[in-house]
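Morning, everyone. I'll take you through one model today, contact by contact. Have the structure open, please.

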Amino acid sequence: MSEKTQVTPYADKDVSKKGQVTSMFDKIAPYYDNLNRVLSLGIDVLWRKKAIKLLQKESPKSILDIATGTADLAIEAAKVIRPERIVGMDISANMLKIGDEKIIKKGLDKIISLEIGDSENLKYDTGSFDAVMAAFGVRNFENLEKGLAEMHRVLRPGGTIMVLEFSKPRHFPLKQLFNTYFKYILPVIGKVRSKDEKAYKYLYESVQVFPDYEDFTSILSKLGFTQTSYKVLSAGICTIYLAKK
Ligand SMILES: C[S@@+](CC[C@H](N)C(=O)[O-])C[C@H]1O[C@@H](n2cnc3c(N)ncnc32)[C@H](O)[C@@H]1O
């Protein structure tokens, strides 16, 4: 993404997008799950379920969940796909701490392990996972193509990538209704409940500059992914992208 389209949570020019994103998620971590449910009216849970149902068709035995956050996607995958192992990685220690508590509480700690790391420099071996997935994570990368290229590298040949991400609804009247909610109402609720001035304004702004639909699948193709496809959810508020290595 070019400098011009690079959206950051805070105005601090001395701190990279990555640094700002890490601070933001460390700060909002205690409120993150609850705000997801409130702001999406619980629909975010259904989006993750749908995404995991699509990935289940590939029966992956090893899964890497990039930008796992509080591990909701990893937990859903563990319950539905029952793979041998899931590694959830994230750059925010505070998000992972909440994820770890949930995994232990649900007795899934034999399947899921959480690790701190940067998705643009993965520590995993080339070709070491059957599937690599990310929900609402790739939009936050400082360098989108570098992060996606790393996802491609750690995937085994024939393996599947699944990305669940916000997109921009295109059609009247949902486009107008959703934009009003997303731009004006959601940031206010987010500000009050997360105690962070900017986090939910950044959410809106980052979605506006993020390449969605064919723009995203063409980046995947350019990076060497094949059989790219996407499935639009909730009239375009969210999209699931699938591709193969
Ligand atoms: C909106 S949350 C999504 C969390 C989770 N996947 C979900 O479905 O709720 C985005 C996550 O991306 C993580 N993240 C952002 N940039 C990252 C990077 N470069 N490497 C690893 N994680 C990153 C953040 O720390 C945050 O936990």
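Start with helix 6 and helix 7. On the helix 6 side, the residues in contact are F182, K183, L186, P187, G190, K191 and S194. They meet A199, Y200, K201 and Y204 in helix 7. Contact here means that the C-beta atoms of two residues, placed from the backbone, lie within 7 Å. By class, this contact has six nonpolar, two polar and three charged residues. For the classes, Ala, Val, Leu, Ile, Met, Phe, Trp, Tyr, Cys and Pro are nonpolar, Asp, Glu, Lys and Arg are charged, and the others, Gly among them, are polar.

Before I go on, this is a predicted model, where local features need pLDDT of at least 70, side-chain atom pairs count only at pLDDT 80 or more, and totals for chains, interfaces and linings use all residues. Residues are numbered from 1 along each chain as its sequence is written. Helices (H or I, at least four residues) and strands (E, at least two) are DSSP runs, numbered from the N terminus.

Back to the pair. Helix 6 covers residues 174–194 and helix 7 covers residues 199–209; their axes come within 7 Å and cross at roughly 150°. Axes are lines fitted to C-alpha atoms, for helices over the stretch in contact, and angles run from 0 to 180 degrees between N-to-C directions. Helix 6 and helix 7 are therefore roughly antiparallel. The cut-offs: under 35 degrees is roughly parallel, over 145 roughly antiparallel, 65 to 115 roughly perpendicular, and the rest oblique.

The peptide bond from F172 to P173 is cis, with omega near 0°.

Next pair. Helix 1 and helix 4 pack at about 25°, axes 7 Å apart. These two are therefore roughly parallel. Helix 1 brings F25, D26, A29 and Y32; helix 4 brings A93, N94, M95 and I98. That divides into six nonpolar residues, one polar and one charged.

One backbone point. L41 sits in the loop between helix 1 and helix 2. Its phi is near 55°, a positive value in a residue other than glycine.

What is the strand order? It is an open sheet of seven strands, 3-2-1-4-5-7-6, with mixed pairing. Strands pair if DSSP finds at least two bridges between them. Strand 3 and strand 6 (226–233) are at the edges with a single partner strand each, so one side of each has no neighbour in the sheet. On average, neighbouring strands are turned by 15° against each other, direction ignored.

Two pairings. Strand 2 (residues 85–90) and strand 3 (residues 112–116) run parallel, joined by five bridges. G88 stands opposite L114 in strand 3. Between these strands the chain passes through helix 4 (residues 93–105), and this β-α-β crossover is right-handed. Right-handed means that, with the strands pointing away from the viewer, the path from the first strand over the helix to the second runs clockwise. Strand 1 (residues 62–66) and strand 4 (residues 129–135) are also parallel, over four bridges. There, L64 stands opposite V132.

Helix 5 (residues 144–154) packs on the sheet, touching strand 1, strand 4 and strand 5, at about 145° to strand 5.

Last, the ligand. How many residues surround the ligand? There are 20, and the closest are A67, G69, S92, S119 and A135. Near means a C-beta atom, placed from the backbone, within 6 Å. Helix 1 (17–40) and helix 3 (72–80) each supply at least two shell residues. Helix 1 gives the largest share, three residues. By class, the shell has nine nonpolar, six polar and five charged residues.
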